[in-house]
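Subject: Structure handover and findings

Dear colleague,

Please find below the structure that I am handing over to you. My notes on what was found in it follow directly after.

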Amino acid sequence: MSMATFNAHPGERENYLNKEYGVGSWLFTTDHKRIALLYLISITFFFFIGGFFALLIRLELLTPAGDLVQADTYNKLFSMHGIVMIFFFLVPSIPAVLGNFLVPMMIGAKDLAFPRINLLSWYIYIIGGVMMLHCMLTGGVDTGWTFYAPFSTNYSNTKVVEAGLAVFVVGFSSILTGLNFVVTIHRMRAPGMTWSRLPLFIWAHYATSIIQLLGTPVLAITLVLVVAERALHLGIFDPKLGGDPVLFQHLFWFYSHPAVYIMILPSMGIVSEIIACFTRKRIFGYSFVAFSSIAIAVFGFLVWAHHMFVAGTSVYAALVFSLLSYAVAVPSAVKVFNWTATLYKGSIHFDAPMLYAFGFIGLFTMGGLTGLYLAALGIDVHVTDTYFIIAHFHYIMVGGAVMGYLGGMHFWWPKISGKLYPEGWARLAALIVFIGFNLTFFPQFVLGYLGMPRRYYDYSHMPEYQVLNVLSTAGATILGVGYLLPMIYFLWSMRYGKPASDNPWNAAGLEWKSASPPPTFNFDEEPVVTWEAYNYEELDAPHPQEAPVAR
Amino acid sequence: MAGNVDALFIFLLIVTGMVTLLIFTCLLYFAARYRYRANVPAEQIEGSTPLELTWSVIPLGVFLVIFVWGAVVYFKERTPPRDSTEVYVVAKQWMWKLEHAEGQREINELHVPVGRDVKLIMTSQDVIHSFFVPAFRIKQDVLPGRYTTTWFRATKPGTYHLFCAEYCGTQHSGMIGSIVVLAPAQYETWMSGGSTGPLSATGEKVFAELGCATCHRSDAQGRGPNLQGLFGKPVRLQDGRTVVADENYIRESILDPGAKIVNGYKPVMPTFQGLLSEEQLNALVAYLKSLSATKPGEGNATASTAQGSQVE
């Protein structure tokens, strides 16, 4: 795709970035685009903290003996890696950054429905983040991100209450973002932007928001109960106090399984946008892809106990949850097939966002297919709580969600920053991430089937596991480089990048009809939509009639 | 067991391998065949409902096959054969305590004979642990406050890893041990040493020391139900429910006697919560089981009649 269509009037136009300067103009902004950037900076900070923990974990596992850090330190590292990556990076990542920036623009709105609540959600995130940092700096927590009782409530002597409350607080930022999106998508669509004309990115965020609204409160309740048992000795989960530890797992997974879809659905939305643009086609089976997001959100709430097949639940409950887990796999498979079919008779360009989208499909396919192993009761018994499951969910949540996030960052970076990123470096980074990721996590499938349990600090009695661990650690260092590169060249491009035109990809979607970077209220005139989503045929017509909708 | 799990695993490897190959081939072929060429525009295709149905229904069918197969394997894993040798397992931070029905006690090591079904009756003294023997493809969480069970039959002599698979604190990765599978003759030799008598005999002593027999008399005159032949039998409760007297029922009735009152009896039994170690509880359970097992023919029949008459 040509990136040579440079902005005709660079620099001087007023936009959301240059309209006001100064710290106050950012900290008190209600502009969804500025709040998106506040979120971007915050989650990137936590991503690198979580990544640093991951690196230390992989270095410890390079040798079988526990020799780099102490056992307690290792337990805190994997706990805080999980807590930071899930609650402070993955859950907010795409919705709070790209969703925040793009949901109003894609539907032709000036802002989200509740701009002040949007800012509030960022402040809540920051409060939760500071609480988590405080927890980490004053000793940390060693319960795993899963906070399983009664270990968390009565046995761990680390900062469980502090960590639990930090996650409790940050959950509200997620709820508020979801609330804002639901109302915005219902009420703020531009004239002519009917539900069937919505970009699939919007459908995905709509489904995600419903999960955030319905699921997150249950997590909040669960964490309050943990704090109540730990601090007040109310008997809820610990049998010694008359509680039931399996109850904790039901409550925890009732949120935490759907949370996987909070992480992956927005990424699927991004992939749909990218594939449409770089094949120059309407997405194959638009309505099936749209409704599969809703189906995933609904079924996603009915499969939580598939995390508990060996936890002491009844055989019959396990049967039901196994069956439902296969039901949720169908809409995921439908999406993959539709994306693949979209390539058919396309006109395919291989720019960096598309490489990330290809990476997403490949890695998500493998992550999804290994889910079939885990949903099979007889196999789950053997591989659950081993490295097999670690590999599986990293393929979904890192291979899937983070690939999509990076693809989206590249795709919309010209719109967000008004600058072009260096294409060659970006393609290289996509390749490095893909290779590094597979080298890190593929060996873990094998390790898991061979029986290596997760959360093991020391495997000196099982030296047979070392070779695969060494491969995995080697992969992790490559992956680390792959993640550092985009951060470097994105920052670089802000100063030295070539100015981007309003629509460098010649992409469909209202956000591309605005300027790059967009003005504060996105569109000078309210757009009126008269075309279907992904009208690439018109865009690529020999004499494109530039509809003067925006500007 | 390992064979059953591996067979399904290999089936899944083949199925998912073929699907992966199909998708990746399509991706790569389309990417190459339909790469951008000047003046060759993309062909707009709306979609195809028959295709959508095809690639929804076929995977669903395949999924159902996997589901049923997985469920069958799981049922076998979760259902110990009736005549299994029993071993009581008590997990604690960070060790495994194992006690054979015959009385041998072990720590972090379990000796079993080759070819015999071994049922594990497990509980935890503190947090949740998980009994995991990768070579046997078995794993079961071990919970405080209740029994969970699993079973295996070792087919080859040797030493196999035993892991704790549920994160349990500082020395989680040190909570490991081994299952030593011995040939029958060697196993007999091993069994002949170090026993303090069968577990049920220990239980009988505990039963006597605590004065249980005062109420739980072996005739029909006690203030508590007769426990002869109780294990494995349905029990009618005051509230009209019927429960099967399994390990968890016995455990609960000792620690929380008010939870399930047998029909026709008063809630007069005191709780033994905090007065018994997990090992003593296990011994009591083993003893009560032995009351059903000793006289297979006539003993059981009389016991159930006795119980039946009491219930009336």
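A residue is called buried here when its relative accessible area is under 20%. Please bear in mind that this is a predicted model.

**A cysteine in a loop of chain B**

B:Cys168 has a relative accessibility of 0%, so this residue counts as buried. B:Cys168 is placed in the loop that runs between β9 (158–164) and β10 (177–182) of chain B. Apart from neighbours within four places in sequence, the contacts of B:Cys168 are with B:Gln93, B:Trp94, B:Val127, B:Ile128, B:His129 and B:Met175, and with A:Phe151 of chain A. B:Leu64, by comparison, is 104 residues away from B:Cys168 in sequence, and the two C-alpha atoms are 35 Å apart in space.

**The sheet of chain B**

Strands β9 and β10 of chain B also belong to an open sheet of five strands, whose order is β4-β10-β9-β6-β7 and whose pairing is mixed. At the edges of this sheet are β4 (109–113) and β7 (138–142) of chain B, each of which pairs on one side only. With direction ignored, neighbouring strands are turned against each other by 20 degrees on average.

B:Phe132 stands opposite B:Phe163, which is in β9(B). Strand β6 of chain B also holds B:Ser130. B:Ser130 counts as buried because its relative accessibility is 0%. Not counting residues up to four places away in sequence, B:Ser130 touches B:Trp96, B:Lys139, B:Gln140, B:Asp141, B:Val142, B:Phe163, B:Cys164, B:Ala165 and B:Glu166.

**Salt bridges**

Side chains of opposite charge can pair when their charged atoms come close. How many salt bridges are there over all chains? The count comes to 20.

One of them joins the side chains of A:Glu532 and A:Arg197, at 3.2 Å from N to O. A:Glu532 lies in the loop between α15 (466–496) and α16 (536–539) of chain A, and A:Arg197 in the loop between α6 (160–187) and α7 (200–232) of chain A, so this pair ties together parts that are 335 residues apart in sequence. A:Glu532 is partly exposed, at a relative accessible area of 39%, whereas A:Arg197 is buried, at 18%.

A salt bridge is also formed by the side chains of A:Asp540 and A:Arg280, at 2.8 Å from N to O. Because A:Asp540 lies in the segment after α16 of chain A and A:Arg280 in the loop between α8 (245–279) and α9 (286–299) of chain A, the pair ties together parts that are 260 residues apart in sequence. A:Asp540 counts as partly exposed at 34% relative accessibility, while A:Arg280 is buried with a relative accessible area of 4%.

A:Arg454 and A:Asp385 form a salt bridge as well, and their closest N and O atoms are 3.9 Å apart. This pair links distant parts of the chain, 69 residues apart: A:Arg454 is in the loop between α14 (423–449) and α15 of chain A, and A:Asp385 is in the loop between α12 (377–383) and α13 (387–417) of chain A. Both A:Arg454 and A:Asp385 are buried.

In chain B, a network of salt bridges links B:Glu86, B:Lys119, B:Glu247 and B:Lys289.

Yours sincerely

Methods. Residues are numbered from 1 along each chain as its sequence is written. Chains are lettered from A and ligands numbered from 1 in the order in which they are written. This is a predicted model: local features need pLDDT of at least 70, side-chain atom pairs count only at pLDDT 80 or more; totals for chains, interfaces and linings use all residues. Side-chain values use heavy atoms; hydrogens and water are left out. Helices (H or I, at least four residues) and strands (E, at least two) are DSSP runs, numbered from the N terminus. Buried means under 20% relative accessible area, exposed over 50%, partly exposed in between (1.4 Å probe, protein chains only). Contact means heavy atoms within 4.5 Å. Two strands pair if DSSP finds at least two bridges between them. Axes are lines fitted to C-alpha atoms, for helices over the stretch in contact, and angles run from 0 to 180 degrees between N-to-C directions. A salt bridge is a side-chain nitrogen of Lys or Arg within 4 Å of a carboxyl oxygen of Asp or Glu.
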